[in-house]
Amino acid sequence: MSYHRFRPRSHFQAPHSWSNDPCGAVYVPEIKEYIICYQWNPGTTDGGNSAWGMARSKDLVTWRDCLPAIQNGQTYDALGVFSGSIVSRLIDGERVLFLFYTSVSALPIHWSKPYLKGCESQSVAVSKDFGETWSRFEGNPLLDVPPHADATTGWRDPFVSRWSSLSTLLGLNQETAYMMLASGKREHGPQLQLYRSDNFSDWSHVSTILDAKMDSEISEASSHRFGKNFECASFFSIGQLDYIIVGVEEDEFSQRHRSHLTLWLAGQLKLDDTGKPRFETLGHGLLDHGISYAPHIFRDAQDRLLQLGWADEAAKDQVIKAQGWAGTLVHPRELIQVIRPHLPDDLTNDHEWTLDSSTGLYTTLGIRPAHQVEALRGQQVASSLTESKDIQSTNFEVQASFNNLTGKEKLVLNVRQAPDSAEVTKLVFNLEQRRIEVDRSHSSLAGLGASTPDVATFNYSPERIFSFEYLLTILCWKYMPTIVLPSRLESTRL
């Protein structure tokens, strides 16, 4: 069997070996290029990390591989340069890039294992030549003691950015930088720790911005839970709402891929009784209903808010070792705010929507393919359902319109279907249940990977029930299609 055909055709991935989290993305206006970094373990297909792999692009579609930005060091980061973020600033007229990362000096690190003293610290590397070379800060590590010492379950993945609403709340300069660290306290639950700085080198603790009880329900309106520990957290604001995106680690009994999921939380920043800022959750949902994890956000050249994620292998070890690589990044997606004047009666308590009592409007977080992804599209060919049976391709996009519907139909689209239908992947749109399912139970007879389905819900307005339309991108980068289901399917085609 040839494993070369399993390699993605349109997704970004490392040239070889194991790769995972996108951990730094930034647009550099002086050279009109994007830099993207990712966790990389070159030389092996086994999971692990020894470098921040790096690539450059003019359009977020075509990439040029570069030498790693940083690799394992000698002391405080001798065993890992874990995920983080890149910040771009003009300082005295000079473009300076700051690469923040978690420096690792002891392993293993996992919420279920005893926390090793000094295993995680936060460090920075700096570039003044648009990312061609990076130099570690002489004062590293910037932070070396987690708030809960040995009771810590994790303290990593620094996301650094301005946060205007928080600076306003605290009466601080709008240029103040904030560092969010995904964390957790043993026997208590996951937490997000927040720090601030005016110069990127001296950091002080602000507060535990989000404190959750272990495995607690996020709200009474949903079954989503906070899990055991947080990873890869970030923040931003749209309109009057503040948002947090965070990866959640669950236990071994989780039904989700590799026991983790990605949440988005909508809410507002408030001061508690002690004057410390806290995040009050008003709405929430899953950022992805498929296998995308380790979310990373950044701004494109037009200041649109984009998000990347890691899609790892569902294949068996024999496949991964034979193909010589593991992991890829999903296509970049744009995060937007969806606003509507009302909800259907059966959705008035939907946890994904937030009501603004002053305006009577409902808002939720929307996600759609980034504008740049359009460059991947070839010639558009109109086709009837009958003609679509003749499509011979492993990479395509389907846009379908269905008319004269009652709202009780189940629409099924078969892809990668063998002539005898022994192998087939089914995309099922159940309008009555407002549910979309990727049925992979018969995707492969070879038994080389997972066959569990991906399931998500979607919404459409009652007035659109007779003209249901949804744009679906089929990501055929595996031996069977991997369909990444976003948070709010409605927002992609309204």
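Analyst: Helices (H or I, at least four residues) and strands (E, at least two) are DSSP runs, numbered from the N terminus. This is a predicted model, where local features need pLDDT of at least 70, side-chain atom pairs count only at pLDDT 80 or more, and totals for chains, interfaces and linings use all residues. Residues are numbered from 1 along each chain as its sequence is written, and side-chain values use heavy atoms, with hydrogens and water left out.

User: How many helices and strands does the protein have?

Analyst: There are two helices and 29 strands.

User: And what share of the residues is buried?

Analyst: Of 494 residues, 54% are buried, meaning under 20% relative accessible area with a 1.4 Å probe, protein chains only (exposed is over 50%, partly exposed in between).

User: How many residues are in the largest nonpolar core?

Analyst: It has 39. A nonpolar core is a set of buried Ala, Val, Leu, Ile, Met, Phe, Trp, Tyr and Cys residues joined through side-chain atoms within 4.5 Å. M180, L192, F236, I244 and L335 have the most contacts inside this core. Strands giving two or more residues to it include β10 (177–185) and β11 (189–197). Another core, of 28 residues, lies apart from it, with W325 among its members.

User: New topic. Where is S123, and is it buried or exposed?

Analyst: S123 sits in strand β7 (residues 120–127). It counts as buried because its relative accessibility is 0%.

User: What does its side chain make a polar contact with?

Analyst: The side chain of S103, at 2.8 Å. A polar contact is a pair of N or O atoms within 3.5 Å; within protein, one must be able to donate a hydrogen and the other to accept it, and residues adjacent in sequence count only if both atoms are side-chain atoms.
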